[in-house]
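Trainee: Could you walk me through this one slowly, please? I would like to learn how to read it piece by piece.

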Amino acid sequence: MSTFGEDLIQSLNEALAHAKGEGPALVHAPVTPREVREQAKLTQAQMAPLMGMSLSGYRKWEQGTRRVSGPAPPRFGVIQKEPAAVRRAI
């Protein structure tokens, strides 16, 4: 199994333990869209379709005029760890 798969299973087990009152919540430092994009060595035009949105909408995230929400934060985490997997899937 890939490291990403192992990390995903571990995070789900931790979430389940927390929901049962058996463990502390782990809070991860938020990442900004620009940080993820630059780390993946992508342009805004390449990143927008990976996020399932228009280029103008993505730019608003980077400019801070639109708030990142919904399924976007976990998707950023996947892109940060496995950008090639996201490209293959989309």
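**A buried charge and its partners**

Mentor: Let us begin with Glu-62, which counts as buried, since its relative accessibility is 13% and the cut-off for buried is under 20%. Please keep in mind throughout that this is a predicted model.

Trainee: Okay, so which residues are linked with Glu-62 in a network of salt bridges?

Mentor: Arg-34 and Arg-37 are linked with Glu-62 in that network. In the salt bridge between Glu-62 and Arg-37, the closest N and O atoms are 2.5 Å apart. Because Glu-62 lies in helix 4 and Arg-37 in helix 2, this pair ties together parts that are 25 residues apart in sequence.

Trainee: And how far apart are the closest N and O atoms of Glu-62 and Arg-34?

Mentor: For the salt bridge of Glu-62 with Arg-34, that distance is 3.2 Å. Here, too, a residue of helix 4 is paired with one of helix 2, so parts that are 28 residues apart in sequence are tied together.

Trainee: Are the two arginines buried or partly exposed?

Mentor: Arg-34 is partly exposed, with a relative accessible area of 40%, whereas Arg-37 counts as buried, at 11% relative accessibility.

Trainee: What is Arg-37 in contact with, leaving aside its neighbours within four places in sequence?

Mentor: With those neighbours set aside, Arg-37 is in contact with Leu-42, Thr-43, Gln-44, Met-47, Tyr-58 and Glu-62. Arg-37 itself lies in helix 2, which covers residues 33-39.

Trainee: Let me switch to helix 4. Which of its residues are buried?

Mentor: In helix 4, which runs over residues 55-63, the buried residues are Gly-57, Tyr-58, Trp-61 and Glu-62. They cover an arc of only 145° around the axis, and therefore they sit on the same side of helix 4. As a general point, an α-helix has 3.6 residues a turn, so residues three or four places apart point the same way.

Trainee: What covers those buried residues?

Mentor: The cover includes helix 2, helix 3 (44-50) and helix 5 (72-81). Just after helix 4 comes Gly-64, which takes a positive phi of about 85°.

Trainee: Now the nonpolar core: which residues touch the most other members of the largest one?

Mentor: That core has 14 residues, and those touching the most other members are Met-47, Leu-50, Met-51, Tyr-58, Trp-61, Phe-76 and Ile-79. Two or more residues of this core come from each of helix 3, helix 4 and helix 5. In soluble globular proteins, nonpolar side chains tend to be buried together.

Trainee: One last thing, how many salt bridges does the structure hold?

Mentor: There are three salt bridges in the structure, and one of them joins the side chains of Asp-7 and Lys-81, at 2.9 Å from N to O. Asp-7 belongs to helix 1 (residues 3-19) and Lys-81 to helix 5, so the pair ties together parts that are 74 residues apart in sequence. Asp-7 is partly exposed, with a relative accessible area of 29%, and Lys-81 also counts as partly exposed, at 49% relative accessibility.

Technical notes: Residues are numbered from 1 along each chain as its sequence is written. This is a predicted model: local features need pLDDT of at least 70, side-chain atom pairs count only at pLDDT 80 or more; totals for chains, interfaces and linings use all residues. Side-chain values use heavy atoms; hydrogens and water are left out. Helices (H or I, at least four residues) and strands (E, at least two) are DSSP runs, numbered from the N terminus. Contact means heavy atoms within 4.5 Å. Buried means under 20% relative accessible area, exposed over 50%, partly exposed in between (1.4 Å probe, protein chains only). The arc is that of the directions from the helix axis to the C-beta atoms. A nonpolar core is a set of buried Ala, Val, Leu, Ile, Met, Phe, Trp, Tyr and Cys residues joined through side-chain atoms within 4.5 Å. A salt bridge is a side-chain nitrogen of Lys or Arg within 4 Å of a carboxyl oxygen of Asp or Glu.
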